[in-house]
Amino acid sequence: MDHANPEQPAGSLQFKKSDTKEKISDSSGPSSSSMNSDVFIEPPADPSSTHSTTEIKRSDSPVPSCVSMKSDDSMRVPLSFKEKRESTPERATEIKRSDSPVASCVSMKSDDFMPLLVTFKEKRESTPERVLQGAREKRRQIIITDTGCKSVSSEPHLLERCKLNLLKKFQHVNEVITNQGNPTLLNEIYTELYITEGDSGKVNNEHEVRQIEAASRRAATEETPIKCNDIFKPLSEEDKPIRSVLTKGVAGIGKTVSVQKFILDWAEGKTNQDVHLIFPLPFRELNLMKDRNLSLMELLHFFYKEIKETNISSLDKVLFIFDGLDECRFPLDFQNTVRLCDVTESASVHVLLINLIKGNLLPSSLIWITSRPAAADQIPSECVHRVTEVRGFNDPQKEEYFRKRISDQSLSNRIITHLKSLRSLYIMCHIPVFCWISATVLERMLGEAESGEIPKTLTQMYTHFLIIQTNVIKEKYTKSRETDTEMVLKLGKLAFQQLMKGNLIFYEEDLMECGIDVTEASVYSGVCTQIFREEFGLHQSKVYCFVHLSIQEHLAALYVHLTFMNEKRNVFIKPAWLKLMLKVTISDVHKCAVDQALQIENGHLDLFLRFLLGLSLESNQILLQTIVTQTGSSSHSNQETVHYIKKKISENPSPEKSINLFHCLYELDDHSLVEEIQHYLQSGNLQQSKLSPSQWSAVVFVLLTSMQEQDVFVLNKYTNKHCTSDEVLLKLLPVVAASRKAQFNNCGLNEKCCAALVSVLRSESSNLRELDLSKNKLTDTGVKCLSAVLENPHCKLETLRLCYCDVSDEGCTALTSALRLNSSLLRELDLSRNKLRDSGVKRLSAVLENPHCKLETLRLRECDISDEGCAALTSALRSNPSHLRELDLSGNKLRDSGVKCLSAVLENPHCKLETLRLCYCDISGEGCAALTSALRSNPSHLRELDLSWNKLRDSGVKYLSAVLENPHCKLETLRLCYCGISDEGCAPLTSALRSNPSHLRELDLSWNTLRDSEKKQLFSLKLQNLRL
């Protein structure tokens, strides 16, 4: 792919005021020209088959087209842009064009945008007007039959005007390009994002990098994927209609571009045509009206002048989209806000908004809110009917992105290989904007446009990105050379001060607090288009932001580092204390930063800390010399900082904090602890070694960041004579939470460990689906502890094995009580070899008859159950027979009476039982007769039957033979070991199998008195597995 060339002209990212006025006259709605995105740019499979609404004609212009995208954190605002702004080509990431000597370019406006390779159609000259004309033609074919939409149908052109105005605003990745060349249609570049339905019910205030790292260990199959255009559609006909949707996602993940695509598809008449009007109202713009009093009608008329004569109350279905809840700067008090039901009654904006969301205003309207996770709890759960999450890129999508983004496949393969070799960087690629940063840097570094060490850490990657952007400024704006250091320092100060306040979006007053006036801000946004943004809201009010939170964190760290290097000042120390300090060292700055980061529970400063420590490496300081002046010496040792971090690790901070401290050591190029543990793990010496607390933390870090996905965690692999099993379990709980299966069988655990496991099962980030605690003395106390978490609706455990755990009917009572409250997820339960007795099984039966119970496997071997308990069990199964697939009642004295009860279940046509084990259950030929009678009437489901160690004798086997010769019988495994069978019983069995030979694969007749002749007959059947 072509690299950015400073000498090439590029489309400006600032727009003329005359353009703005024209746009506003067309449509007064909020501008969507700045959209975040992690969309893929995907070449059309067949240009000729693409609809006219998505076709773009490329002129023969030698000038690159420039597409600017803002973010998911940057919201749409009315267009009012600076005049005669000159843009640099480095503002945009170049995109190769088929027959053009010049690269087309895409510039990202923000935290949610990712540039990708676009393949444009050749020799098709399409203009926005022709795109709109195509949309008109399509809309003419749409007949609106909803009788409730009176005001729209009475004015036939109103709906078309509304759709056309939204189409104009949303059809392009960026709406206006002042230079020659055509803007890119969103439909040309969009690929469906990975969006999932569901919510943990818990507010996640952790740093978003922590959330991404947790998500990287989560299996994609656990969530329900949902398409963007289907978010208001119930999953089934039984589900209630969905009025309000809350879509969550970390910064840079693609929330706003999802909104843009939804609106575009509606405006083009493709989807959701039952919605009469859509009103996008981003919080960023509502902030600018927070002090105004107006009615809902006045608010909508202000934004959308074309609906001024419309009676909005008469419309059946109107969609309001409130994008960027995390940017809201007015209170949302759902408890104490006055009730408002009249769309003509005036109130403040927050009162209007709350009453819309509650359904007091326009109760038939739909509501869609997007937010970063930490802000999502502002909306009460009772006001949200569906929660969705934009998840970013999974691993295949990461590779797809780079292959589309970079046309040179050899180069893209090298980039993918490089990132895969560095787990911390590859995890970050879940965020599409990080893919863009990585592609921008690695394309140059690996493409031989620049020489030097290939970035291996986050700090190196972001520092190279900053260098690329400032080099653009140097070549394009040579007269402002002296502003390089000044600009970086001022932006860094803004980034740091606002980061400490928790702000990502800044207004003029925020800039003034940091010593940046409005003129300077305009200059910075004009020359640093891929770092810092200036946007224009209503009444020419301006909004500012960094392209992405991580860029703000990197600049904040750079400010702290340069302040020390140039002024020998520690920004974490208040001025009054400076006089008392004789000399400040870089280690003092680092220690203050580490302490502050560790004090913050949600990891707000985690990434900032990684950047700050990484910048102290001499190699990174040499890189920085190309863009900033450092007056101080860089010849210092980081050993004191490394020692301090290792000391903090040894103090056993929370697992998340410990993991971040290891990332910090990685940024400092210290791998000693990790390499030591990797050696232990690879050599198998871990079980012989006495590990320190720091080393145990290193074990956690290595296991969590290894390339292998944590699928099965086996506790016995890490226990040794120096550490008991319960101590090891407590140290490795984060690894357990990251694993899908945990095997703790026969580990000597007791009831105290159950409390630790409960914390894992309750954790929002837990992946644990299968838990095996067999052969541990948990007793009833431990099972009661586990039961408390099983009744939690957010517990995702699917398999629970508690075989031989010294559990009585008392523990079974607690367990079944929990399962009655939350029986929908558990699929497998093993309580074998516990003294449950009939009383315990009766309580279990109450769970099984619950129609919400989805249990598929139930094992109750040797549980001291009699025919009385079996009767209760089978009664429950008769009322809810459709889910259970495997039942093991071996080793219980069911007798013939118990088996007769079971037979009533088996003959039920709704019974789907595939495996039935009744080994050693004191069954005679009489019980076998009842069983086979049931199987004759419903033979098609059972695949495995074990009747070993029962006194069936020849009479019982003859009954079984009648089942086997039924052509509908699908039995594959039959075990009749030690059943008192002689040649007399074996003959009809052989005959039946010969008449219906296609299904049985395994037959066990061992420990029966068969003569050689009968054995020979059986061998002639050529079964896959025959035991005699």
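The buried residues of helix H10 pack against helices H8 (283-286) and H9 (296-303) and against strands S8 (293-294), S9 (318-322), S10 (347-348) and S11 (366-371). Contact here means heavy atoms within 4.5 Å. Helices (H or I, at least four residues) and strands (E, at least two) are DSSP runs, numbered from the N terminus. The model is predicted: local features need pLDDT of at least 70, side-chain atom pairs count only at pLDDT 80 or more, and totals for chains, interfaces and linings use all residues. Residues are numbered from 1 along each chain as its sequence is written, and side-chain values use heavy atoms, with hydrogens and water left out.

Eight of the 10 residues of H10 (residues 349-358) are buried, so this helix is largely enclosed by the rest of the structure. Buried means under 20% relative accessible area (1.4 Å probe, protein chains only). The buried residues are Val349, Val351, Leu352, Leu353, Ile354, Asn355, Leu356 and Ile357. Just after H10, Gly359 adopts a positive phi of about 95 degrees.

Rings of Phe, Tyr and Trp (its six-membered ring) pair if their centres lie within 6.5 Å; planes under 30 degrees apart count as stacked. The count comes to 21 aromatic pairs. Phe434 and Tyr462 form a stacked pair, 6.0 Å centre to centre with 25 degrees between the planes. This pair links distant parts of the chain: Phe434 lies in helix H14 (residues 432-446) and Tyr462 in helix H15 (residues 458-476), 28 residues apart. Both Phe434 and Tyr462 are buried. Elsewhere, ring pairs join Phe279, Phe283, Phe302, Phe303, Tyr304, Phe320, Phe322 and Phe330 into a cluster.

Notes: Buried < 20%, exposed > 50% of the residue type's maximum accessible area, 1.4 Å probe, protein only. Phe/Tyr/Trp six-rings, centres within 6.5 Å; stacked < 30°, edge-to-face > 60°.
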